[in-house]
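My entries follow in the order of looking.

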Amino acid sequence: MTKPGSIDAVQQMLSDQGYVCGRALATVVFLSLRLGRPLFLEGEAGVGKTEIAKALSAALGRRLIRLQCYEGLDASSAVYEWNFPAQMVAIRTAEAEGNADRDDLQRELFGPDYLIERPLLQAMRADENGAPVLLIDELDRTDEPFEAFLLEALSDFQVTIPELGTVKAPEPPIVILTSNRTREVHDALKRRCLYHWVDYPDFARELEIVHARAPEAAETLSREVVAFVQQLRTEDLFKKPGVAETIDWAKCLLALDVIDLSPEVIADTLGAILKYQDDIQKLQGSEAKRILDQARAALEPA
């Protein structure tokens with residue numbers, strides 16, 4: 001599929017993949033695609049930052065390449081590695097056969113046959129379906145040296161392998177970076193990107209998302225689930241539930257054949273929306289009923 005020609009087309013394209021987004025997010029996605037600029041998405045966990053890369057990949061028919069960031073990730077691990085076990089086997093085989101010419105063996109060992117391509121190198125390769133979608137997920141988990149390396153890689157869309165030389169992307173990949181803001185990402189990297197803060201959706205949009213992702217849920221149940229989660233986010237919790245948890249909860253309730261919410265059902269299924277025991281304990285007893293009553297009151301017409 002060709003890239004969408006308008007903001008409305010972006011919204012429709014993503015909607016066709018079950019991803020519901022507002023005009024502001026659709027606008028920055030459209031500009032990222034049109035200008036070839038990386039898109040930096042920041043926000044709480046579970047608000048749909050990663051899902052937008054998946055939706056774009058599916059909608060455009062492009063390969064999705066995901067670099068999951070973690071503490072200690074370095075440039076080498078993100079770009080390439082050499083297949084050391086295979087190299088050792090080749091060395092022993094050459095020695096056993098008496099073909100241990102040092103220069104020839106070295107060229108063979110550090111050639112394409114023994115190269116393990118990691119996400120950044122994969123994203124620089126030509127693809128018959130067009131430039132892939134490169135998702136650099138949870139960048140805030142890495143450290144500043146890796147950010148500095150990314151700054152160079154995303155500026156020129158090329159990486160260097162000392163033994164083989166520089167690999168430059170024939171067409172820049174569609175790059176999406178995400179951060180849960182556990183720490184600040186350096187301004188120099190942000191300036192290379194278009195930026196958007198992905199917030200929790202309002203009631204209407206979250207209900208639309210539940211309709212898209214859990215269409216089997218009855219309207220009454222969907223409205224109660226969304227209203228309850230929206231009310232829950234106003235509570236003093238260690239980790240507020242994201243949209244992903246709302247969808248998971250709706251699917252759990254469907255699996256249990258629940259028709260409408262009750263304090264007992266909520267208590268039994270809290271593990272679908274809250275992931276910390278301290279938060280779950282806060283909703284024991286009459287607290288779940290209080291929040292449910294508030295959610296239902298918000299649903300009543302004025």
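What percentage of the 302 residues in the protein chain do buried residues make up? I find 46%, with buried meaning under 20% relative accessible area, exposed over 50% and partly exposed in between (1.4 Å probe, protein chains only).

I note the ground rules. The model is predicted: local features need pLDDT of at least 70, side-chain atom pairs count only at pLDDT 80 or more, and totals for chains, interfaces and linings use all residues. Residues are numbered from 1 along each chain as its sequence is written, and side-chain values use heavy atoms, with hydrogens and water left out.

**Whole chain**

I count 15 helices and 9 strands in the protein chain; these are DSSP runs numbered from the N terminus, helices being H or I of at least four residues and strands E of at least two. Along the principal axes, the C-alpha atoms fill a box of roughly 85 × 45 × 35 Å.

I looked up the contacts, meaning heavy atoms within 4.5 Å. Of those between residues at least 6 apart in sequence, 74% join residues at least 24 apart.

The accessible surface of the chain is about 15,300 Å², and carbon and sulfur atoms account for 49% of that. The areas come from the Shrake-Rupley method with a 1.4 Å probe, and for residues only the protein chains shown count as cover.

For charges, I have 33 positive and 50 negative side chains, with the centres of the two sets 4 Å apart. Lys and Arg count as positive and Asp and Glu as negative, while His and the chain ends are not counted. Each charge is placed at NZ of Lys, CZ of Arg, CG of Asp or CD of Glu.

**Helix 5**

I checked the length of helix 5, residues 84–97. Its 14 residues should span 20 Å at 1.5 Å a residue, and the end C-alpha atoms are 20 Å apart, which agrees. The expected span is 1.5 Å times one less than the number of residues.

Which residues of helix 5 are buried? They are Q87, A90 and A94. Down the helix axis these buried residues fall within an arc of 60°, so they line one face of helix 5. The arc is that of the directions from the helix axis to the C-beta atoms. On the other side of helix 5, I find P85, R92, E95 and A96 exposed. The cover over the buried residues of helix 5 includes strand 3 (80–82) and helix 6 (102–109).

I then took Q87 alone. Its relative accessibility is 5%, so Q87 counts as buried. Leaving out residues up to four places away in sequence, Q87 touches W82, L109, F110 and Y114.

I looked at both ends of the helix. N83 lies in the loop between strand 3 and helix 5 and, at 26% relative accessibility, counts as partly exposed. Beyond its neighbours within four places in sequence, N83 is in contact with Y114 and I116. N83 and L109 are 26 residues apart along the chain, and their C-alpha atoms are separated by 9.0 Å. Just after helix 5, G98 has a positive phi of about 75°.

**Helix 10**

Helix 10 covers residues 203–213 and holds E206. Is E206 buried or exposed? E206 is buried, with a relative accessible area of 0%. Not counting residues up to four places away in sequence, E206 touches P201, V226, V229, Q230, R233, V243 and T246.

The buried residues of helix 10 are E206, L207, I209 and V210. Seen down the axis, they fall within an arc of 155°, so they line one face of helix 10. They pack against helix 11 (219–232) and helix 12.

F157, not a glycine, has a positive phi of about 50°; it sits between helix 8 (144–156) and strand 6 (158–161). F157 is buried, at 10% relative accessible area. D257, also not a glycine, has a positive phi of about 60° and lies between helix 12 (243–255) and helix 13 (263–269). D257 is exposed, at 65% relative accessible area.
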